[in-house]
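Good morning. Please have the structure open while I speak.

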Amino acid sequence: MLRIRHFDERASKMVKRGYIPGTVHTSIGQEAQVVGACMALRQGDHMTGNHRSHGHPIGMRSPLGPLMAELAGKATGVCKGKGGSLHLADYKVGSLGESGITGSSIPIALGAGLSAQVLGETRVALTFFGDGAANQGVLYESMNMASAWKLPVIFLCENNHYALSTPAHTVTGGRICDRGAGFGMPGTRVEDGQDVLAVHEVVAEAVARARAGEGPSLVEVMTYRFREHSEGLRINVDYRDADERSFWTSRDPILLFRKALIEAGKATAEQMDMIEAEILQEVEECVTFAMESPVPAREVAFADLYSDPYELEDVL
């Protein structure tokens, strides 16, 4: 969770200073649901993210250097600088990618689950999507197929209460988790998505069901993003209530877990401070790595694409 928090905080600063092109969508405030879910997976499992997905590959143990280099559009990035913030993928840790198109990564996870079933493997696929994507038809097509074929897929809705600036309750009827029943799969809501252990417990149960061949599950996690929809985005109306902000920021998942560990005697404050100092150093090194890395060579602009190289000669 500390890696995600400090990585995203640095990415926010870098995009505002022009070191990262475009914009970035941070998971600051949502770290518990990312880590709690990803820690329920094991090596060989697959995961797909969404537009807010620097944290998801980090939750899958992806090294920070190539991730930051990807955000900066550098050749040493996980996608050779061609994906950027919105299209990260790191196959080495099972991260199959993400997309700025709402809900579009969901059927990718469905395919991963199908491949595991066809190959007779015990791999599972976890797909993250937001409350906005919960109303996309592709989700229900994927849930239907996953249920009909008992595919090992976990559908996880990160309900942070807003699709950009649209309050979820104004466009979504009922609880998202209850929609699982319509497809014959269990649906569970984690009311406190700021509790990493609560998230882990529910997702681990869904993963166990999937591995046992019992089919998919739908998990809705109630969480909150502390920052704007994307860094640098200016919205003229304040769509979030001050009391609401105050409540959720008081539920900082990192501070809550730190307190829980210390009170349980699992760690001392000094040990926690030491861990955070190590993470801060790791983030500094990943920024240095990204800044010192070269941009992709002009000659590789069309490499890794499904294109006829002869058709591109005139362009090159």
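On one side of helix α9, L255, K259 and E263 are exposed. Exposed means over 50% relative accessible area, buried under 20%, and partly exposed in between, using a 1.4 Å probe and protein chains only. Helices here are DSSP runs of H or I with at least four residues, strands are runs of E with at least two, and both are numbered from the N terminus.

Before going on, a word on the source: this is a predicted model, where local features need pLDDT of at least 70, side-chain atom pairs count only at pLDDT 80 or more, and totals for chains, interfaces and linings use all residues. Residues are numbered from 1 along each chain as its sequence is written, and side-chain values use heavy atoms, with hydrogens and water left out.

Back to α9, which covers residues 253-263. Which of its residues are buried? They are P253, I254 and L261. Seen down the helix axis, these buried residues fall within an arc of 95°, so they line one face of α9. That arc is taken from the directions from the helix axis to the C-beta atoms. The cover over the buried residues of α9 includes α1 (2-16), α2 (31-38) and α10 (269-292); contact means heavy atoms within 4.5 Å.

Now the ends of α9. After the helix comes G265, whose phi is positive, near 75°.

How do α9 and α10 cross? Their axes come within 9 Å and cross at roughly 140°. That makes α9 oblique to α10. Angles under 35 degrees count as roughly parallel, over 145 as roughly antiparallel, 65 to 115 as roughly perpendicular, and the rest as oblique. The axes are lines fitted to C-alpha atoms, for helices over the stretch in contact, and angles run from 0 to 180 degrees between N-to-C directions. R258, L261 and I262 of α9 make the contact with A269, M272 and D273 of α10.

A second pair is α5 (residues 106-118) and α6 (residues 137-148), whose axes come within 9 Å and cross at roughly 15°. That makes α5 roughly parallel to α6. Here I106, P107 and L110 in α5 meet V138, L139, S142, M145 and A146 in α6.

Last, F183, which sits in the loop between β5 (166-167) and β6 (187-190). F183 is partly exposed, with a relative accessible area of 21%. Leaving aside neighbours within four places in sequence, F183 is in contact with Y140, M143, N144 and S147.
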